[in-house]
Amino acid sequence: MAPNINDAAAKLPAAFNKKLSLASRSVHADDHINKNPDVAPPMHVSTTYRYAANPDDLVPWSEIDESNFWTEQAASHDPFWIYSREKSPTSTRFETILTSLLGAPAVSYASGLAAFHAMMVFLNPRRVAIGGGYHGCHGILKLLNKLNGLQVVELEDEAALAALQKGDVIHVETPLNPYGEARNLAYFRQRADELGCYLTVDATFAPPPLQDPFQFGADIVMHSGTKYFGGHSDMLAGVLAVRPDRASDWLGTLLEERLVLGSVMGSLEGWLGVRSLRTLELRVTRQSETAQKLVDWIAAEKAKEGSVVADVVLEVRHASQQPEAKDENSWLRKQMPRGFGPVFSLVLKSEQHARRLPSKLGLFHHATSLGGVESLIEWRAMSDSSVDRRLVRVSIGVEGFEDLRDDLLQGLQALREELK
Ligand SMILES: *Cc1c(COP(=O)(O)O)cnc(C)c1O
């Protein structure tokens, strides 16, 4: 069948055009590169692509300007794909939608850590300031320390931060794993400017529409696409988005380096990712709202003396519980205007409580990770040796609030009985 390029679709705003709402862009941002009549995207599994048939149209690889990759003109460049370690149609489609949703050129990787690694290879700092947060990123920095002596500096220590020099990196994860608490990006941007450093942000815990780190001057925004972009606990992916005014300088090199690192995502993941991004706004908005209702309920119950929550839960940790959340002029409310995210943590009375709570629940799977449609709870000591052993991390899915609340309540009751 001849390609049926829908005229209306072809005229749709290119990736950077923000006229459409986020929800509409998640469904239509890739229409202009859709060269076949399929409504659902096809999955391309080829590793290699035929060059142009006409010898006059042959453009050697080294002469292609990758920095224009995401513009509409480049999308119709023919032949566009060469070898799938460079890029492939299904992952390009995933990146095209993400570019629109993040408001900045987005590059996909095989996993969140592959993206973090690529970001460090690209910026090549001598020092990285980093706080707690996702332990795997610390693992990459340890590898870089082994290779080239890269130094790690404590992000939340003002004096330590002063050791940073031009070209170093301030890496801020916000909201922060495992607590779901936010960090002030405007503040770290200011410090980065004073010190001549790059500001990189791991925004995995608050994807669009919850927060936009570029508004606060991030140079690169990273996501573990495994979490909300995938959203169904069935794909690994990572994403780097580059601040638009840096894209013409940085994008070509990032893509060249990805080709050499070989850390591209697979076709199945690209396809699953496109399927998932269609509902990103619906899912994330609902997940964050439900998490907020649960946190509010837990906090209210905790305040009642003798309640089961008060007896079992020592602390509930979430950005909404930070003092600044109450002040509508605070940095926190500006940074997270659409909600505080679907992940929170509970510190329970004892390690035994944390170890045993997941087994008492019917709707929460006891598993690591987050961002899927299924609610998860994890005794965090299972996968992260650096956190309080009394802590359980909760990732809220798309189930109904009342069902999740009732499940937590009966679980906490059973736990109180058992450990009386
Ligand atoms: C999961 C996660 C990562 C790592 O992502 P993978 O896709 O598992 O490699 C990095 N940062 C944060 C905040 C995460 O939650």
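1. The chain holds 15 helices and twelve strands; both are DSSP runs numbered from the N terminus, with H or I over at least four residues for helices and E over at least two for strands. Please keep in mind that this is a predicted model, in which local features need pLDDT of at least 70 and side-chain atom pairs count only at pLDDT 80 or more, while totals for chains, interfaces and linings use all residues. Residues are numbered from 1 along each chain as its sequence is written.

2. On overall size, the C-alpha atoms fill a box of roughly 80 × 55 × 40 Å along the principal axes. The radius of gyration is 22 Å, which agrees with the value near 22 Å for a compact globule of 420 residues (taken over C-alpha atoms; the globule rule is 2.2 Å times the number of residues to the power 0.38).

3. Now to the sheet. Seven strands form an open sheet with mixed pairing, in the order β1-β7-β6-β5-β4-β2-β3 (two strands pair if DSSP finds at least two bridges between them). β1 (106-109) and β3 (151-154) are the edge strands, each with a single partner, so one side of each has no neighbour in the sheet. From one strand to the next, the twist averages 20°.

4. Val128 has Val152 of β3 as its bridge partner.

5. Helices also pack on this sheet. α4 (residues 89-102) touches β1, β6 (220-224) and β7 (238-242), and its direction makes about 135° with that of β1. α6 (residues 135-148) lies across β2, β3 and β5 (198-202), running at about 165° to β2. Angles run from 0 to 180 degrees between N-to-C directions, and axes are lines fitted to C-alpha atoms, for helices over the stretch in contact.

6. α6 also has a helix partner: α5 (residues 112-123) packs with α6 at about 40°, the axes being 10 Å apart. That makes the pair oblique (under 35 degrees is roughly parallel, over 145 roughly antiparallel, 65 to 115 roughly perpendicular, and the rest oblique). Leu113, Phe116, His117 and Met120 of α5 meet Gly136, Cys137, Ile140 and Leu144 of α6 (contact: C-beta atoms, placed from the backbone, within 7 Å).

7. Finally, α11 (residues 280-302) and α15 (residues 401-418) pack at about 40°, with axes 10 Å apart. Their contact involves Thr290, Lys293, Leu294 and Trp297 of α11 with Phe401, Leu404 and Arg405 of α15.

Technical notes: Contact = placed C-beta atoms within 7 Å.
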